[in-house]
Amino acid sequence: MRVSGVSRRTIALSLDGWSVEVIDQRFLPHRFVLERLESAEQVMRAIAEMHVRGAPLIGVAAAYGMSLAMREDPSDEGLRAACELIGRSRPTAINLRWAIDGMRKLLEPQPPSRRAELAYSRAAELCEADVVACRQIGEHGALLLSRLAAERRGPVRVLTHCNAGWLATVDWGTALAPVYVARERGIDIEVWVEETRPRNQGLLTSFELTHEGVPHRLVADNAGGHLMQRGEVDVCIVGTDRTTSQGDVVNKIGTYLKALAAHDTGVPFWVALPRSSYDAALADAAAVVIEERDESEVLEVSGRSTRGEIETVRLAPDGTRARNPAFDVTPARLITGFITERGLTTPSELEAVYGAGRA
Ligand code: MRU
């Protein structure tokens with residue numbers, strides 16, 4: 001997608017053919033900063049500290065991290081250590097585990113001399129596959145939006161939580177891909193963008209939509225239920241970090257409350273789900289490790305000062321303690337359906353669509 005009119009992806013191999021270039025999302029929306037990652041250790045930190053974030057992007061970044069690791073040390077011990085290092089960056093998104101396990105299975109039977117080359121080519125494949133999957137999600141989701149458009153006079157009003165746009169993937173995004181494709185088709189859309197405390201990923205969504213010229217308004221997380229109750233939301237679309245075989249959705253903290261409000265007010269609640277975020281091995285999401293992040297993300301906030309500097313200020317008095325669970329679980333019963341790369345489906349049909357084994 002575009003930033004100031006220039007087509008961008010969130011991650012790519014650098015021109016040197018071995019290091020990896022990413023957008024450092026910590027500086028968005030105020031500054032557009034590219035970062036070059038040269039080691040598996042740097043990739044692990046970039047994921048853990050959220051220079052790159054969003055489940056599909058985390059998976060692709062992990063695959064490139066494994067490639068850098070194989071360049072550094074392709075021995076059996078090097079492979080084991082790389083899986084462990086990158087695997088401990090973030091616990092919740094299944095994409096990370098999926099990318100690492102896939103790499104381990106591919107590389108283990110190979111002689112060390114071939115591992116780096118194979119890892120780079122698998123990472124490039126995953127990167128391209130993510131773009132195709134997201135575009136497909138966009139196509140299927142746009143059909144949903146065109147149906148809603150046919151039922152109304154004005155624009156279709158979409159509410160989204162967190163950032164599940166192109167910045168969370170390689171390109172296009174998951175929850176926002178239907179919006180981008182629908183706009184290409186001339187469908188009138190307006191997006192309610194939830195701020196998504198404490199990391200404020202809504203600002204990333206707003207950044208994307210601004211650069212794509214999509215009308216939208218940023219709202220505080222707590223406004224979502226009110227807007228639904230007043231009939232100002234036609235559909236909710238969110239992403240997912242992991243969806244289980246019974247259709248429970250693990251996503252950014254606050255998703256559950258939006259799903260409850262949508263259920264109560266009769267607003268359809270859709271989840272954009274690529275195959276890479278589907279956990280076929282797990283039915284009940286109660287077993288998923290929910291990432292607990294540092295208290296400082298709740299106690300402090302960063303933004304641009306009147307002097308134009310990015311500054312962090314403390315919100316709470318010294319000594320205040322906080323708790324910072326980063327994700328929650330929305331049970332399948334609150335979900336209208338899934339927008340998958342293979343079409344629209346319901347929670348009960350999900351297993352039939354994505355199968356029982358990992359891709
Ligand atoms: O903590 P983050 O910013 O990595 O969380 C991102 C989300 O929860 C997204 O909604 C999810 O990864 C789906 S992204 C296509």
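Hello everyone, and two notes before the tour. What you see is a predicted model, in which local features need pLDDT of at least 70, side-chain atom pairs count only at pLDDT 80 or more, and totals for chains, interfaces and linings use all residues. Residues are numbered from 1 along each chain as its sequence is written, and side-chain values use heavy atoms, with hydrogens and water left out.

Let's go to the ligand. How many residues surround the ligand? There are 19, and the closest are Arg90, Gln201, Asp241, Asn251 and Lys252. Being near here means that a residue has one of its heavy atoms within 4 Å of the molecule. The shell divides into 7 nonpolar, 8 polar and 4 charged residues.

Helices (H or I, at least four residues) and strands (E, at least two) are DSSP runs, numbered from the N terminus.

Now the polar contacts, meaning pairs of N or O atoms within 3.5 Å; within protein, one atom must be able to donate a hydrogen and the other to accept it, and residues adjacent in sequence count only if both atoms are side-chain atoms. Asp241 has a side-chain N or O atom 2.7 Å from an oxygen atom of the ligand. For Arg53, an N or O atom of the side chain is 2.9 Å from a ligand oxygen. Asn251 places a polar side-chain atom 2.8 Å from an oxygen atom of the ligand. On its own the ligand has 420 Å² of accessible area, and the protein covers 99% of that. Those areas come from the Shrake-Rupley method with a 1.4 Å probe, and for residues only the protein chains shown count as cover.

And where does the ligand sit? The space it takes is the largest cavity. A cavity, on a 1 Å grid over the protein atoms alone, is a set of points where a 1.4 Å probe fits but cannot get out. A molecule sits in one if more than half of its atoms lie within 2 Å of its grid points.

Next, helix H1, residues 40-48. Ile47 is found there, and at 0% relative accessibility it counts as buried. Glu21 is 26 residues from Ile47 along the chain, and their C-alpha atoms are separated by 13 Å.

Follow the chain into the loop between H1 and H2 and you reach Met50. What is its phi? Met50 has a positive phi of about 65°, although it is not a glycine. Met50 is buried too, at 3% relative accessibility. Trp172 also has a positive phi without being a glycine, near 70°. You'll find Trp172 in the loop between strand E6 (156-160) and helix H6 (177-184), and it counts as buried at 14%.

There are also cis peptide bonds to point out. One joins Leu28 and Pro29, with omega about 5°; Pro29 is in the loop between strand E4 (20-23) and strand E5 (34-37). Another runs from Arg197 to Pro198, with omega near 5°, and Pro198 is in the loop between strand E7 (189-194) and helix H7 (202-212).

Now helix H5, residues 112-150, which holds His140. Is His140 buried or exposed? Its relative accessible area is 18%, so His140 is buried. The His140 side chain reaches the backbone nitrogen of Gly343 at 3.5 Å. From Tyr120 to Leu260, 140 residues along the chain, the C-alpha separation is 43 Å.

Let me finish where I started, with Glu297. Its place is in helix H10 (residues 296-299). Arg323 is 26 residues from Glu297 along the chain, with 9.4 Å between their C-alpha atoms.

Note on methods
On a 1 Å grid over the protein atoms alone, a cavity is a set of points where a 1.4 Å probe fits but cannot get out, and a pocket is an open set with protein on both sides within 12 Å along at least five of seven lines; lining residues have an atom within 4 Å of a point. Ala, Val, Leu, Ile, Met, Phe, Trp, Tyr, Cys and Pro count as nonpolar, Asp, Glu, Lys and Arg as charged, and the others, Gly among them, as polar. Buried means under 20% relative accessible area, exposed over 50%, partly exposed in between (1.4 Å probe, protein chains only).
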